[in-house]
Amino acid sequence: MTRFRWLFRSLLPAALCGATTLAHAAGFAFIEVPADKDGPALRGAVWSPCSAPPGRIDLSPLVLQGTRDCPLTGQGLPLIVMSHGTGGSALGHHDTAATLADAGYVVAAISHPGDNFQDLSRQGHLSAFATRPVDMKRLTDYMLGAWHRHAQLDASKVGLFGFSRGGYTGLVTIGAVPDWTLRQDLCPPESSRPLCGEIRRKELPAPPARDARIRAAVIVDPLSVFDAKGLGQVGIPVQLWASALGGDGVTPQSVETVRQGLPSAPDWHVAANAGHFAFLAPCPPALVEAMPAICRDAAGFDRVAFHQTFNAQVLAFFQRHIVAARAP
């Protein structure tokens, strides 16, 4: 939706400047996955464990509290790849990424081409849903291969985090098959959205192959077009989050369908009194005023306090199923 364009245009500087209040001193660097036969260049960021004292990172006019290009020590480090929601950016879950990096993970996130705050050219087309899982595979390929510190990563310890359309992306990446006829509420007969016409004409892209390198996935308030049949090939541990209030095409019922359809019961969490956007990083004050629909939560809901619990639960899940689990 177009409001995301303004959200992340504001959030990009605000989130980075707001990072000065975080306790984490994660290393931070921008990355670019080169264009190849499977798609255009992917731009994003990497958070990494950092033992150096936090300092100022001047990215005029932005300032971060952390360490730019911090030396990466250790071997066999786990990797988490992140997929954002529609019209979002690589920085949408910066606090969660920093929490994981502070605990010893390398976290990589990209802005999906054609469906990010700077480029919404494919947001309303099914092609955006087809290329998103390919983007995540390319990101994982890059981090385990061409990234200059890839030798310090453990290719058997890879996890995925996905929110909203990123949750859809994550489910497809780990083997789910979408059925675009399931959610007629997303495409009423009078809808002129391009993707609705594509669905009516059965111009449906084939889902990509499952990425077997992903060992566990955190799926957060996913945009779901899945049933039990489509979820039948998901064979890894899943932590599944739902907002009690839903929003932006995500309903509590649609996420419950994912819960019921997964072959193995997920690590299930419902964020009480939370809307869909509560899973985004807490907004700085200026953004709260500019984007109340995105940043202001239901009465009595404390997004900052919730994210402390949320991030701790995400970390604990990955610790159990990525770090502590035996390699296959």
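Predicted model: local features only at pLDDT ≥ 70, side-chain atom pairs only at ≥ 80, totals over all residues.

**Exercise 1. A helix and its surroundings**

Task: Decide whether helix α4 is largely enclosed or open, and find what covers its buried residues.

Solution: 
- Step 1. Recall the cut-off: a residue is buried when its relative accessible area is under 20%.
- Step 2. Go along the helix, residues 165-173. R165, G166, G167, Y168, T169, G170, L171, V172 and T173 are buried.
- Step 3. Draw the conclusion. Since 9 of the 9 residues are buried, α4 is largely enclosed by the rest of the structure.
- Step 4. Look for the cover. It includes the strands β5 (77-83), β7 (153-163) and β8 (214-220), along with the helices α3 (126-144), α6 (228-231) and α7 (252-261).
- Step 5. Step just past the end of α4, where G175 has a positive phi of about 120 degrees.

**Exercise 2. The nonpolar cores**

Task: Find which residues touch the most other members of the largest nonpolar core, and list the contacts of V106.

Solution: 
- Step 1. This core holds 48 residues, and those that touch the most other members are L79, V106, L139, M143, W147, L171 and I174.
- Step 2. Ask where its members come from: α3 supplies the largest share, 7 residues.
- Step 3. Now take V106 and set aside its neighbours within four places in sequence. Its contacts are then V46, W47, S48, P49, L72, L77, P78, L79, I80, M143, W147 and L153.
- Step 4. Another core, of 40 residues, lies apart from this one; A90, A98, Y105 and L315 are among its members.

**Exercise 3. Two aromatic pairs**

Solution: 
- Step 1. Know what to look at: a pair of aromatic rings is described by the distance of the centres and the angle of the planes.
- Step 2. F161 is in strand β7 and F310 in helix α10 (residues 303-323), so the pair ties together parts 149 residues apart in sequence. F161 is buried, with a relative accessible area of 0%, and F310 is buried with a value of 0%.
- Step 3. Turn to W241 and F279.
- Step 4. W241 belongs to strand β9 (residues 238-243) and F279 to the loop between β10 (267-271) and α8 (285-290), 38 residues apart. W241 counts as buried at 3% relative accessibility, and F279 is buried at 0%.

**Exercise 4. The largest pocket**

Task: Describe the space in the largest pocket and the residues that line it.

Solution: 
- Step 1. The space in this pocket is about 500 Å³.
- Step 2. Its lining has 26 residues, and L186, C187, R193, L195 and C196 lie nearest the centre.
- Step 3. Helix α5 (residues 194-200) gives the most to the lining, with 4 residues.
- Step 4. Sort the lining by class: 13 residues are nonpolar, 7 polar and 6 charged.

Technical notes
Residues numbered from 1 in each chain as written. Heavy atoms only, no water. Buried < 20%, exposed > 50% of the residue type's maximum accessible area, 1.4 Å probe, protein only. Helix = DSSP H or I, 4+ residues; strand = E, 2+ residues; numbered from the N terminus. Contact = heavy atoms within 4.5 Å. Core = buried A, V, L, I, M, F, W, Y, C linked by side-chain atoms within 4.5 Å. 1 Å grid on protein atoms, 1.4 Å probe; cavity = no way out; pocket = protein on both sides within 12 Å on 5 of 7 lines; lining within 4 Å. Points joined across faces, edges and corners; volume = space filled by probe spheres on them. Nonpolar A, V, L, I, M, F, W, Y, C, P; charged D, E, K, R; others polar.
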